[in-house]
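The structure is shown first.

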There are 2 protein chains.
Amino acid sequence: MTESAPVHHELPIYRRIADRLRDKILSGDLHDGDRLPGENALMAEYGVARATARQALAVLINEGLAVPRRGSGVYVRLFRPIRRHGSRRLAREQWTAGRAIWDTDAHGRAYAVDQVQIEREAASEEVARVLDTGEVWVRRRRYLVDDRPVQLAASHFPADLVEGTAVVLPDTGPGGVYARLGDLGHSPAHFTEELRARMPHPRETDLLGLPAGTPIIAIIRTAYTAEGRPVEYNEMVLDAASYVLQYDFDA
Amino acid sequence: MTESAPVHHELPIYRRIADRLRDKILSGDLHDGDRLPGENALMAEYGVARATARQALAVLINEGLAVPRRGSGVYVRLFRPIRRHGSRRLAREQWTAGRAIWDTDAHGRAYAVDQVQIEREAASEEVARVLDTGEVWVRRRRYLVDDRPVQLAASHFPADLVEGTAVVLPDTGPGGVYARLGDLGHSPAHFTEELRARMPHPRETDLLGLPAGTPIIAIIRTAYTAEGRPVEYNEMVLDAASYVLQYDFDA
DNA sequence: AAGTGGTCTAGACCACCTC
DNA sequence: AGGTGGTCTAGACCACTTC
């Protein structure tokens, strides 16, 4: 009797446990910050080995739905995004009014800038291609909202354009770098944002303090003057769990 | 929470193995499609137990850098994104020229639509709020590029607006639904896209055939006529590994 | 002190792919 | 047939949190 039975795959135990827990989270049965049943609880409830219980929890952790806390438990994850307006926020009125762009984003919530680093560098191949120059000034910094890091950014400017100006000073003054570029007669007029989502590299995980299962959104924004001269190349890395991006445009 | 005071721990073995493999991938030492050292190889090379070798590989898999193939090995992952233009692609010339929007995106590559489903439904709370109606027609479908699913979409239209029109037929004719809305005197003129990135739910994982470690990009696009009437609410779910999104706008 | 998650070992059986 | 990854068990020691 060589005939074998159809291989009617059951889901593995750890997947079924994970599915049940996920349902409880997504249905609202378990709320933000609630404690999930721990490894011991799952071992007892389902009669499985510890590794299997862990495997089930790992699924939810890697999906970004739960966060483990050493010595304490596994918790349902909070999700409080900031709304970031792609088009509106860069409207000229924003920075000509002397306001920082971040006022537009983090309305009401406490925000801060961190780890500011300003350096003159040789441009990478890609930056050199876009900005059409070999030497750039780079402003790197980290943004925090409610004391939690949410974004990394590295703005690149053609060195000859900004050398000796406030663009390369720690404090760029009212309206920020865009207002300063305006002072120099190079007001940004057109923007391109190129956007990807992926899992973070270890450096990004550290700097943004990301739990497992949190993707990042990588944005490259290029700013052009009305004459079409590129004046800024800005690489941003956003904690995806902290953001909703919005773009408005016409047909 | 941000990582608390790092008590100068050494990295666990599995992390160090994962770090070395990641370096080989990111440095280009290992290329797309190359086979990584397997569990047995890692056990021998580092003198660790099987579970530890697996744990190291799991890190890379959950980062989206590697894909396991049963009975075969673990492979470096391919990354061939499609460029999707947020603003330009919806320019009126596109659909008034009778072209499908997808011609703009998947230039040159084979694309297809799949699992088309057209139904009249009661609007969800959110859709009802945005479209200002309780009854909607919904067009659900899946997009494929090079025979691989890359996007799910569900377009919602106010029922009274599109009842009995080509908008709710399988074939919407030249220029697609936007051209048909134009025929009805409701040409879309303004768009809003709201965008998040997160790990997929199991249903999305299945429909898009996503390997572990692949986030999705969820986009909600709302289309408005020149008079400000909302005429479409489109929920899209994109395989993040398959896309680069581009938005162009002015200051 | 007790409980939690983090790491690791040493086995086992299975389904699947490749040769 | 032999190698690969997928699942699972039954232990162990550790660091950390909570009480």
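## Cavities

The count comes to three cavities of 30 Å³ or more, a cavity being a set of points on a 1 Å grid over the protein atoms alone where a 1.4 Å probe fits but cannot get out. Grid points are joined across faces, edges and corners, and a volume is the space filled by probe spheres set on the points. The second largest cavity has a volume of about 40 Å³. Its lining, meaning residues with an atom within 4 Å of a point, consists of R20(A), L21(A), K24(A), P37(A), L42(A), E45(A) and Y46(A). Two or more residues of this lining come from each of α1 and α2 (39-46) of chain A; helices (H or I, at least four residues) and strands (E, at least two) are DSSP runs numbered from the N terminus.

By class, the lining of the second largest cavity holds four nonpolar, no polar and three charged residues. Ala, Val, Leu, Ile, Met, Phe, Trp, Tyr, Cys and Pro count as nonpolar, Asp, Glu, Lys and Arg as charged, and the others, Gly among them, as polar.

## Basis of the model

This is a predicted model, in which local features need pLDDT of at least 70 and side-chain atom pairs pLDDT 80 or more, while totals for chains, interfaces and linings use all residues. Residues are numbered from 1 along each chain as its sequence is written, chains are lettered from A and ligands numbered from 1 in the order in which they are written, and side-chain values use heavy atoms, without hydrogens and water.

The surface has nine nonpolar, eleven polar and eight charged residues, and α3(A) gives the most, with four residues.

A polar side-chain atom of R50(B) is 2.9 Å from a base nitrogen, and a backbone N or O atom of G71(B) is 3.0 Å from a base nitrogen. For R54(B), a side-chain N or O atom lies 3.3 Å from a phosphate oxygen.

Chain A is divided into domain 1 (13-76) and domain 2 (82-246), with C-alpha centres 38 Å apart. The bounds come from an automatic or database domain assignment.

A197(B) sits in strand β7 (residues 188-198) of chain B. A197(B) counts as buried because its relative accessibility is 4%, the cut-off being under 20% (1.4 Å probe, protein chains only).

Methods:
Polar contact = N/O pair within 3.5 Å; in protein donor to acceptor, adjacent residues only side chain to side chain. 1 Å grid on protein atoms, 1.4 Å probe; cavity = no way out; pocket = protein on both sides within 12 Å on 5 of 7 lines; lining within 4 Å. Buried < 20%, exposed > 50% of the residue type's maximum accessible area, 1.4 Å probe, protein only.
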